[in-house]
Amino acid sequence: MKVLIIVDIQKDFCPGGRLAVKDGDAVLSPSNRLLGAFKEAGLPVIFTRDWHPANHCSFTDFGGIWPSHCVAETSGADFHDNLIIPDNALIISKADRPDKDAYSGFEGTDLDTELKNLDADEIIIAGLATDYCVKNTVLDALRLGYKTTVAQECIRAVNINPEDGKQAVKEMIKAGAIFDSVVNLIK
Ligand code: VGL
Ligand code: ZN
């Protein structure tokens, strides 16, 4: 079974948000095309979301490197308004404990169990951000043995260092990830 995983397309990671990724909202339209194709094919989709407590350790006020973002139950943690979320979508919240950061959708969540329940062997990944949650989710998926393809137009990087996104792509490819375009993925 092929499963689409949409990573952290939340308001705070898009322009106007608290941890805005440059052109973060540019992933919306290609991601929605993938979502439409999966819906038409009757294939499952899973959405991850960053879901921090207000005192999360990744926030600068609590010793971390990030401005406060994606605080659970606040509007910044909402999925972007233009993201098409099917009624039966599975939502995985992560990094929801004060003392632990988690960039991978697999870390401290039921994602692997849910994928096994769906009999997933192949994963398509889209979302934000390339150099953090996309990268770590992809690397974990590969470690867990899933054939993992990244939808290349559907990712954007934070780029604290200008090459971080490019570096992350290299790392994912080296670990065995496939990169492909949405047109190919919906064929
Ligand atoms: C992320 C930075 C901080 C991500 C989450 O979803 O890529 N990046 N928290
Ligand atoms: Zn975060």
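The model is predicted, so local features need pLDDT of at least 70 and side-chain atom pairs count only at pLDDT 80 or more, whereas totals for chains, interfaces and linings use all residues. Residues are numbered from 1 along each chain as its sequence is written, chains are lettered from A and ligands numbered from 1 in the order in which they are written, and side-chain values use heavy atoms, with hydrogens and water left out.

**Around Thr130**

Thr130 belongs to helix 3 (helices are DSSP runs of H or I with at least four residues, strands are runs of E with at least two, and both are numbered from the N terminus). Display its contacts (heavy atoms within 4.5 Å), leaving aside neighbours within four places in sequence: these are Lys135, Ile155, Arg156, Ala157, Gly165, Ala168, Val169 and Met172.

Ala168 is buried because its relative accessible area is 2%. Beyond neighbours within four places in sequence, Ala168 is in contact with Thr130, Asp131 and Lys135. From Ala168, draw a distance to Arg143: the two residues are 25 apart along the chain, and their C-alpha atoms are separated by 16 Å.

**Along helix 3**

Select residues 130–143 to show the whole of helix 3. This helix lies across strand 1 (2–7), strand 3, strand 4 and strand 5, and runs at about 170° to strand 4 (axes are lines fitted to C-alpha atoms, for helices over the stretch in contact, and angles run from 0 to 180 degrees between N-to-C directions).

Asp140 is also in helix 3. Is Asp140 buried or exposed? Asp140 counts as buried because its relative accessibility is 18%. Its side chain makes a polar contact with the side chain of Arg143, at 2.3 Å (a pair of N or O atoms within 3.5 Å; within protein, one must be able to donate a hydrogen and the other to accept it, and residues adjacent in sequence count only if both atoms are side-chain atoms). Leaving aside neighbours within four places in sequence, Asp140 is in contact with Ser104 and Phe106.

Switch to a cartoon view. Six strands form an open, parallel sheet in the order 3-2-1-4-5-6 (two strands pair if DSSP finds at least two bridges between them). Its edges are strand 3 (90–94) and strand 6 (178–180), each of which pairs on one side only. From one strand to the next, the twist averages 25°.

Select strand 4 (residues 122–128) and strand 5 (residues 147–156): six bridges join this parallel pair. Within strand 5, Val150 stands opposite Ile125.

**Two nonpolar cores**

Which residues have the most contacts inside the largest nonpolar core? They are Leu4, Ile6, Leu34, Phe47 and Leu83, in a core of 30 residues (buried Ala, Val, Leu, Ile, Met, Phe, Trp, Tyr and Cys joined through side-chain atoms within 4.5 Å). Helix 1 (28–41), strand 2 (45–50) and helix 5 (182–185) are among the elements that each supply at least two residues of this core. Helix 1 gives the most, with four.

Centre on Leu4: not counting residues up to four places away in sequence, Leu4 touches Leu34, Leu35, Phe38, Pro44, Val45, Ile46 and Ile124.

**Ligand 1**

Select ligand 1 and the residues around it (a heavy atom within 4 Å): Asp8, Phe13, Leu19, Asp50, Trp66, His69, Tyr103, Leu128, Ala129, Tyr132 and Cys133.

- A polar side-chain atom of Asp8 lies 2.6 Å from an oxygen atom of the ligand.
- A side-chain N or O atom of Asp50 is 3.1 Å from a nitrogen atom of the ligand.
- A backbone N or O atom of Cys133 is 2.9 Å from an oxygen atom of the ligand.

**Backbone exceptions**

Most residues other than glycine have a negative phi, and most peptide bonds are trans. The bond from Leu128 to Ala129 is cis, with omega near -10°. Ala129 sits in the loop between strand 4 and helix 3.

Proceed to Glu73, in the loop between strand 2 and strand 3. Its phi is positive, near 70°. Glu73 is exposed, with a relative accessible area of 69%.

End at Asn159, in the loop between strand 5 and helix 4. Asn159 has a positive phi of about 55° and is partly exposed, with a relative accessible area of 32%.

Definitions and conventions
Buried means under 20% relative accessible area, exposed over 50%, partly exposed in between (1.4 Å probe, protein chains only).
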